Amino acid sequence: MRRRGLHRDLGAAALFAMAMALVGCPDERATVEVTAEAAANVARAPTPNMIVEVGSVRSEAAIDAEAVRAVLRDAEPAFFTCLDPDASTGVIALKLGIEEDGATLDVASLPATTYGTDDARACFERIVAALRFPTTDSRERFELTLSLEVRPRHEL
């Protein structure tokens with residue numbers, strides 16, 4: 001009898017967490033929002049011998065670059081679904097517009113991009129567009145320029 005109540009409580013907790021993800025949480029920490037489709041792709045994708053590393057983060061606004069890096073690092077499993085099967089390497093350079101609440105307004109590839117096919121670059125752009133970034137203290141829109149480096153994973 002007690003066991004059934006525990007499962008009901010776990011179900012309620014999961015429902016609450018999903019509702020908070022849909023509605024938004026006033027928590028100021030950086031969050032990553034992953035769609036069900038992206039999560040399914042991550043579950044199907046084998047762990048590659050590649051790594052997607054944050055190369056640079058720049059903005060004229062006063063932002064916490066390390067918090068932005070943490071958001072991008074947390075998205076690495078989703079980025080794996082974008083990797084070209086030929087294990088190519090290169091850089092994805094992006095310019096983002098960020099809303100007052102940290103939502104991504106728009107994403108554009110920059111000429112410095114050297115990685116992959118058009119489809120692979122579009123995949124990276126879609127994932128980055130779904131991320132929520134830390135905001136500025138003044139809560140204003142700002143632009144963010146970043147680069148992601150795709151390279152082989154070197155094991156020690």
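Contact here means heavy atoms within 4.5 Å, and angles between elements run from 0 to 180 degrees between N-to-C directions. The model is a predicted one.

The overall layout comes next. The protein chain holds five helices and four strands. Read from the N terminus, the elements follow the order α-α-β-α-α-β-β-α-β. Among the contacts in the protein chain with a separation of 6 or more, 78% are between residues 24 or more positions apart. Of the 156 residues in the chain, 34% are buried. The accessible surface comes to about 9900 Å², and carbon and sulfur atoms account for 55% of that area.

The four strands make up an open sheet, in the order S1-S4-S2-S3, with antiparallel pairing. Strand S1 (50–58) and strand S3 (104–109) are at the edges; each has a single partner strand, so one side of each has no neighbour in the sheet. From one strand to the next, the twist averages 25°. Strands of a sheet pair through backbone hydrogen bonds, either parallel or antiparallel. In the antiparallel pair of S1 and strand S4 (residues 142–152), eight bridges join the two strands. Within this part of the sheet, isoleucine 51 stands opposite arginine 151 of S4.

Helix H3 also packs on the sheet, where H3 touches S1 and S4, and the direction of H3 makes about 155° with that of S1. An α-helix has 3.6 residues a turn, so residues three or four places apart point the same way.

Arginine 69 belongs to helix H3 (residues 65–74), and its side chain reaches the backbone oxygen of valine 54 at 3.4 Å. Beyond its neighbours within four places in sequence, arginine 69 is in contact with Val54, Gly55, Ser56 and Val57.

Serine 147 sits in strand S4. Buried means under 20% relative accessible area; serine 147 has a relative accessible area of 12%, so serine 147 counts as buried. Setting aside neighbours within four places in sequence, its contacts are Glu53, Val54, Gly55, Ser56, Val91, Ile92 and Ala93.

The last topic is the nonpolar core. The largest such core has 32 residues, and those with the most contacts inside it are Leu72, Phe79, Leu96, Phe124, Phe133, Leu144 and Leu148. Several elements contribute: S1, H3, helix H4 (76–79), S2, H5 and S4 each supply at least two residues of this core. Not counting residues up to four places away in sequence, leucine 144 touches Val57, Arg58, Ser59, Ile63, Val68, Leu94, Lys95, Leu96, Ile98 and Phe133.

Note on methods. Residues are numbered from 1 along each chain as its sequence is written. This is a predicted model: local features need pLDDT of at least 70, side-chain atom pairs count only at pLDDT 80 or more; totals for chains, interfaces and linings use all residues. Side-chain values use heavy atoms; hydrogens and water are left out. A polar contact is a pair of N or O atoms within 3.5 Å; within protein, one must be able to donate a hydrogen and the other to accept it, and residues adjacent in sequence count only if both atoms are side-chain atoms. Two strands pair if DSSP finds at least two bridges between them. A nonpolar core is a set of buried Ala, Val, Leu, Ile, Met, Phe, Trp, Tyr and Cys residues joined through side-chain atoms within 4.5 Å. Buried means under 20% relative accessible area, exposed over 50%, partly exposed in between (1.4 Å probe, protein chains only). Accessible areas come from the Shrake-Rupley method with a 1.4 Å probe; for residues, only the protein chains shown count as cover.
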